[in-house]
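Hi everyone, thanks for making time for this. I'd like to walk you through one structure today, chain by chain, and then look at where the chains meet. Let me put it on the screen.

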Amino acid sequence: MNYMELLGALAPEAIVVLTALVALAVDLLVLRQAPQNARQVVAVSITAVGILAAIIALSVAAPSPPWMDGLLINHSTTAFLKQTLLVLALVAGILSIQSRFTQHTGEYVTLLLLSTVGMMLLVSSDNLLLMFVALELTSLPLYVLTAFNKESPSSSEASLKYFLIGSLSAACLLFGISLLYGLSGGITWTQLATTLRAGSEPIVYLALILTLIGFAFKVAAAPFHLWAPDVYQGAPTPVAAFIASGSKIASFYMFARIFMAALPGTAGSAAWSGATPGWVPLVAALAVVSMILGNVAAIAQRSVKRLLAYSAIGHAGYALLAILSNTEQGMGSLLYYVVTYAVTAMGAFAVVNVIERDVQAPNGESLTDFAGLSRRSPLLSLCLLVFVLSLAGIPPLAGFFGKFYIFIATAQSGTSQGLIWLVMLAIGTSAISLYYYLQILKQVYVVESVGQPTPVQLRPAESACIVAMACTVLILGCAPNWLINRFSPNSTEVRRAGVITKPSTTLELAAEIHPRITAPLGTATGLVQKRPQFETTTANAQ
Amino acid sequence: MPSIVNYLWLIPALPLLAAGMIALLKQRHRSLSASLSIGSLAISLGLSIAAFVPTLGPIEGGGGVKRWVHNLDWFEFGNTTLRLGWVLDPLTAAMLVMVTFVGLLIFIYSVGYMAHDENAARFFCFLSLFAAAMLGILISNSLLLLFMSWELVGLASYLLIGFWYHKPSAAAAAKKAFITTRIGDMGFLLGLLWLYGETGTLLFYDNGNGCLEQSALNRLNTLTTAGGMGVATAISLLLFCGAAGKSGQVPLHVWLPDAMEGPTPVSALIHAATMVAAGVFLIARVFPLMDVDPANVAGSSTALSVVTWVGAVTAVFAALIAVGQNDIKRILAYSTVSQLGYMMLGLGAGGVAVGMFHLLTHAFFKALLFLGAGSVIHGCHEEQDIRRMGGLRRQMPTTFLTYAIGMMALSGVPLLFSGFWSKDEILHAASVWPVSRLPFYLGLFGAVLTAFYMTRQMFFVFFGKQHLGKEAHESPTVMTIPLVILAIAAVLVGFWGTPAWPWLHAYLTGHELHLDLSALAKSATLMLISTAVVALGMISAWRLYTRKTPSSPQALDPLEAAQPAVFGVLKNRAYIDEFYEATVIRLNHLLSVTSDVLDRFLWNGLVQLVSLMAIALASVGKALDQFVINLGFDGWCGGLKQGARGFARLQNGQVQSYLRVIGLSLVALVVVLLWERRR
């Protein structure tokens, strides 16, 4: 173990931490007296430089072997996810320029970046300990950021709720992973996977449930979603956007990895006839409740941010389908889904941010503030159209293919299409969701604005971000293969990454316990057969 | 190759451009639009002369006609390239100069004639379009390009004849002209397609590969169609249908007299220089094709025999009708039909040069006559009935003199006037036609009639007592100057083609030209006959109308008094229109009524039945929709909204209850798992 090598492997995260500290120092030491706008521009510029450096560091870094029993893993998928997270953090930073919710620019940027570091660590950990630390590093700055609008009571209230519920969930998670450790005697995925079996002891199920609650809170899956509408509405919009996008990617990735890779022996089945206990039926329950509750409750909302919160709950339900499919294909579709969803949600929040600034209503924006937007700003309306239709899953936008891949993966995963009922339900709730998405577009394109339509003030950087995100959504929808192939089980990169994260052991065990997992993983199992030496060395190491 | 060949396309393009520009102008810019028209045509005239000059030079490398072509690819489909092009040869060059020259004079004349019309700008737009289309026909080296220009001419003539569209008769005449010529054009199009099918090209001349060149003609010569008729003959006859429609040959002549409803310069343009000449020009252009006939035994191909006969019959028939007309422009119109018959006769019996010579001379003197008639009409306050005129020679001396020259040229008064020489050539060709002598006699009879009706018209208009209520006046200078120029031309152009010095003949056919006074002597007999014929016609008319000049406009014509039945037939244009009315149009009407009845009762009934069934089905569906699906759906939606409100109520903002939900969920999940396990 060489610490310099560790630093090399952690270079992107180190750069981001350094950027956070530099931004804080510059703001507090140099620009204390400068006008607010200048401070924001400088802070965001420093952020941009740091983030670009981190992105470059990620793209040139070679995949490294796992450090310290999976404490830190790096491969192309984690690198891509980290880059996406960094870009989203940068957009959130750009969106907060010129906003008036805080005077503490340095602290704001620092917290944003620290939260990003937490997310980056979260996606590159195969270890329960680092996972928990990273999760807390992600969450704590977000609690503070939610409260950053000191003038708004709802901001503090939301933050407190977020913190309280988050604490309870973290407690559950901690309890859950301590049980897992106690049951298995290990903290890495490999150790967990080799030890834990379904049906051994009831305490395993308690551990599963507690762990699940921790993640269900993070991804805002019902019934652990209750914080989400209040936080999305109360938090400053750029923060809400970051919570809805970056935090979702990292949490979903870890969610899927811990259950798929570390707990394959306790999966169970959610088939319509013949469900067996395990985490899959639990996730299925959460997915069903999320899809129904999120999509139905969104209909009654009058605030677009709350509407997006409920829409996020519904989308979490769809993403949970990918997790419970419990296959590599499901993993690929999940990543495609959360990445495109993050970009789309970030774009939608960016538009909301503009409108919110434009109306300056004391209680935040409402649906009627979007009336006649198409005459006030055709560009913004067009981008919003792209985002909303993508959320609704209209081809050829990215949201359509996200749902499509998830439904395919889910439908193919169960024995004899046992999970098809979940897909049917998902399609039905998608149809319901169209209603409230079109409500937004109706306001934008059909309803006349009150009084003379005045042009919406747009900053160049902001509009460039929005247009870029709209184009991304369109391009990812038109060429979905580009993204999905990065996560596909056939991709050489993932295969290589799979070798590094020692999937052979996992897969072998999985095949032992659940023959159905191996069916879609022909290539991966082929890989196992091709590398007998590798397997022996692993066995020896254990 | 002279460089002008590459720029030949400019000649039609300039008037077309002018037409486009005028179309974009406002109606009140009349002088600007007139200047644009006249200017563009003047440049075209200059270019035409520039194109004419190289064709005059000595023929390089021995015999044959000088001909330069410029072909270009238009578009490709599959392996086939459709090519268009233009050609410069004596035929094109001579016609270009004639059309641009006469056209220019007509344009200038129109400035005066249309001075009081509020739509003068539109008029000049149409005139320019007309000229452009006609010039396009002349330079085409592709039957397709020619056909396109041909149709444009048809369109422009439709627009011009119907220029005073508020007059129902003008609108009807425009329609009639368009539809009648379309009937001929149908044949033209079929011929064009057939020709393309057989030869694979529509270019006339293409370095030996064109459809009028030897290889294609040889191939066509070997082909026969059903009934032993040569394919070339069949194609030629189809093309002749188009020419007959445009050039008003019997039986498609009916539109031409009605076209007099247009403004007089239009009449002149249609009759003298452009539209009617187009048909004759087409026959002259495709003459090599017409001449091909595998069954050519009698010395003339079947197609050319048909042309000759149709021409001869038209010449006499139209001349007869002209005798019975009282409208100054209608007389000229039938005279034109008759003269076109002569041209066809000349083409069929004597070849390109003979027909074209008469076409060129006729263009000048008929333009002169029409413009003169226009001047008369203008001076008599839009009066067109010759019986209401009379004695105008004093009020309108210039018009009278120039009109007299035109009249003598048309009648064929010997030696001095162009019509004499060109008509004499036609009669000479007809007299030696190997197939039959009858066309020659018909031509002679037509010449008598021509002299007769023109003399009659002169007497009515310019001599005798004045019947006009109002004071007639001479036309403005802008109108009389073209008359004078045309009158001079009407005299001079005849000398291009005298038997002694057949310059035009040599020019068009590429033969050696030499002065041969003995040729005059050879044709002296014929010239004497022709002189006698003209004298007969003029003297009989003179005797008839000076002796018994009708005392009042209402009085009977002396001829009518003598032979009321015959004159009645002539006066009513031989009842051809009525005949068509009773046959073709009635048949058409019958067909349309039948179709209407079928459509209304049979098909409509079926459609109604189907639609009733559809409505019945639809009402069943509607009932289902309303009472089954809608209620269910509404129920669903209501439930959804209720649910939405319920879920929203769950979000009561109390963090304690949020935490309680989490606790309860934890318990619920445990219960679920344990229950599942127990099972």
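Let's begin with chain A, where buried residues make up 60% of the 542 residues. Please keep in mind throughout that this is a predicted model. As for secondary structure, chain A has 25 helices and two strands. Now for the contacts in chain A with a separation of 6 or more: 77% of them come from residues 24 or more positions apart.

Here is one pair to click on if you are following along. E328(A) and A409(A) are separated by 81 residues in sequence, while their C-alpha atoms are 9.0 Å apart in space. E328(A) sits in helix α14 of chain A. Is E328(A) buried or exposed? It has 24 C-beta neighbours inside 10 Å, so it counts as buried.

Next, the two strands. β1(A), residues 64-67, pairs with β2(A), residues 72-74, and the pairing is antiparallel, over two bridges. If you'd like a residue pair to look for, S64(A) has N74(A) as its bridge partner in β2(A). The hairpin that these strands form has four residues between the strands, and M68(A) in this hairpin takes a positive phi near 45°.

You'll find A220(A) in the loop between α9 and α10 of chain A. With 28 C-beta neighbours inside 10 Å, A220(A) counts as buried.

Omega for the bond from P395(A) to P396(A) is near 5°.

One further stop on this tour is N326(A), which is not a glycine but has a positive phi of about 60°. N326(A) lies in the loop between α13 (304-325) and α14 (328-359) of chain A. How many C-beta neighbours does N326(A) have inside 10 Å? The count is 31, so N326(A) is classed as buried.

Let's move over to chain B. The secondary structure here comes to 27 helices and four strands. Of the 679 residues in chain B, 51% are buried. Taking the contacts in chain B between residues at least 6 apart in sequence, 78% join residues at least 24 apart.

Why do I call α18(B) largely enclosed by the rest of the structure? Because 13 of the 14 residues of α18(B) are buried.

Now to the nonpolar cores. The largest one has 210 residues, and I283(B) and A490(B) are those with the most contacts inside it. What does A490(B) touch, once we leave aside its neighbours within four places in sequence? Its contacts are F364(B), F365(B), L368(B), I405(B), G406(B), A409(B), F417(B) and S418(B). Apart from that core lies another, of 200 residues, which includes A207(A), A267(A), I292(A) and I299(A).

Finally, let's see where the chains meet. The contact takes 27 residues from chain A and 22 residues from chain B. On the side of chain B that touches chain A, the elements giving two or more residues are α26 (576-650) and α27 (655-678) of chain B. The largest share of that side, 13 residues, comes from α27(B). Sorted by class, the side of chain B that touches chain A has 14 nonpolar, four polar and four charged residues.

How values were computed: Residues numbered from 1 in each chain as written. Chains lettered and ligands numbered in written order. Predicted model: local features only at pLDDT ≥ 70, side-chain atom pairs only at ≥ 80, totals over all residues. Core = buried A, V, L, I, M, F, W, Y, C linked by C-beta atoms within 7 Å. Buried ≥ 20, exposed ≤ 12 C-beta atoms within 10 Å, placed from the backbone. Contact = placed C-beta atoms within 7 Å. Nonpolar A, V, L, I, M, F, W, Y, C, P; charged D, E, K, R; others polar. Pairing = 2+ DSSP bridges.
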